[in-house]
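Work through the exercises below with the coordinates open. Each task is followed by a solution in steps.

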Amino acid sequence: MLYSVRMRAAQGADHQDGGRHISGAERLVRQEQVAEQSRMMLERAFCHSRGQADYIHITVERVPEEAVRCIRLLPVTTIKAADVDAGRKAAKSALLAAGVKQQAVNAGMEQLLALPDSMRGAMLLCAETGKRLDGAGERGVRVSRMDVADQAALSAWLDRQALNQLHVREAVVLAAKVASTTGIIAELCWSDDPEYTAGYVACSTGYTRLSPLKPYGSPQGGRVFFVQPGSRLVEIIRYLEQQPVLAEVPEEEF
Ligand code: WAQ
Ligand code: MG
């Protein structure tokens, strides 16, 4: 039996009462790991670089194993940019290459940059017009119920690429679930952690890390998912929030 263990932490007030988002986490683990994961999430919320949390929710929920869908992590490439402007330009090119229209690429970048502070979830935008599609407002849509099938295999795979650290471990799983969603063609992300300046563009063919995508010290980050026109939004959001997913590392290329 698997358990979804998830955390969201806010400062000043609870999220729904306008509190400031500090951090969140999503795991899908066996019962023996629930206590340790919850403890680690609490610690994270209490000593986060965005500030100390005042309101912390940890949810533990049983997930039937037969409901789990298996997916694959995306191959990772890294682009080092000279500065933030060059990084964002490269991100825009990667989104265009993934099939997002120029107008939507520009809108996605603008909407992320216009956020007054970070949201706890993601914005869903039309990949053609750039119009915001979800009605989730300042909360955004939160991708949940995902993990890797084998933590050791993930470590080995990331170690080989000198990328085995928490930001990457979590982001590659989230990006794989998003890319596996019927109707989503690409994702743009950068962290809201002030000290973490890298981000990525992901689509079904790969996860392109871009560094830097924001200036050091900025607490402003977020995620945009680009939706193919004509997709069923309700189904997309149900999949992102509800469908349990375990990701496997990609086959080695020789
Ligand atoms: N579902 C939807 N949106 C989320 C989720 C989620 N489960 N978790 C985070 N977000 C959104 C939310 O708006 C956050 O403010 C924003 O993403 C950033 O979250 O390859 O660390 O956890 O070097 O700060 C990417 C680069 C790191 C990793 C991303 O994001 C690499 C990161 P953070
Ligand atoms: Mg963060």
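**Exercise 1.** In this predicted model, determine how many cavities of 30 Å³ or more the structure holds, and describe the lining of the largest cavity.

Solution. 
- Step 1: the structure holds one cavity of 30 Å³ or more. The volume of the largest cavity is about 30 Å³.
- Step 2: its lining consists of Ala-175, Val-178, Ala-179, Ile-184, Ile-185, Ala-186, Glu-187, Ala-202, Cys-203 and Ser-204.
- Step 3: assign the lining to elements. At least two residues come from each of α5 (166–179), β8 (184–190) and β9 (199–203); β8 gives the most, with four residues.
- Step 4: sort the lining by class. Eight residues are nonpolar, one is polar and one is charged.

**Exercise 2.** Characterise the second largest pocket by volume and lining.

Solution. 
- Step 1: the space in the second largest pocket is about 360 Å³.
- Step 2: 16 residues line this pocket, and Gly-19, Ser-118, Met-119, Glu-138 and Arg-139 lie nearest its centre.
- Step 3: by class, the lining has three nonpolar, seven polar and six charged residues.

**Exercise 3.** Which strands stand at the edges of the open sheet of six strands, and why is one side of each left without a neighbour?

Solution. 
- Step 1: write the strand order, β5-β10-β9-β8-β11-β6, with mixed pairing.
- Step 2: β5 (76–80) and β6 (123–126) are at the edges; each has a single partner strand, so one side of each lacks a neighbour in the sheet. From one strand to the next, the twist averages 20°.
- Step 3: check the β6 end. β6 pairs with β11 (residues 222–227) in the parallel sense over four bridges, and Cys-126 stands opposite Val-227 in β11.
- Step 4: α3 (residues 102–114) lies across β6, β8 and β11, at about 155° to β11. α6 (residues 233–242) packs on the sheet and touches β6, β8 and β11, with its direction at about 150° to that of β6.

Key. Residues numbered from 1 in each chain as written. Chains lettered and ligands numbered in written order. Predicted model: local features only at pLDDT ≥ 70, side-chain atom pairs only at ≥ 80, totals over all residues. Heavy atoms only, no water. 1 Å grid on protein atoms, 1.4 Å probe; cavity = no way out; pocket = protein on both sides within 12 Å on 5 of 7 lines; lining within 4 Å. Points joined across faces, edges and corners; volume = space filled by probe spheres on them. Nonpolar A, V, L, I, M, F, W, Y, C, P; charged D, E, K, R; others polar. Pairing = 2+ DSSP bridges. Axes fitted to C-alpha atoms, helices over the stretch in contact; angles between N-to-C directions. Contact = heavy atoms within 4.5 Å.
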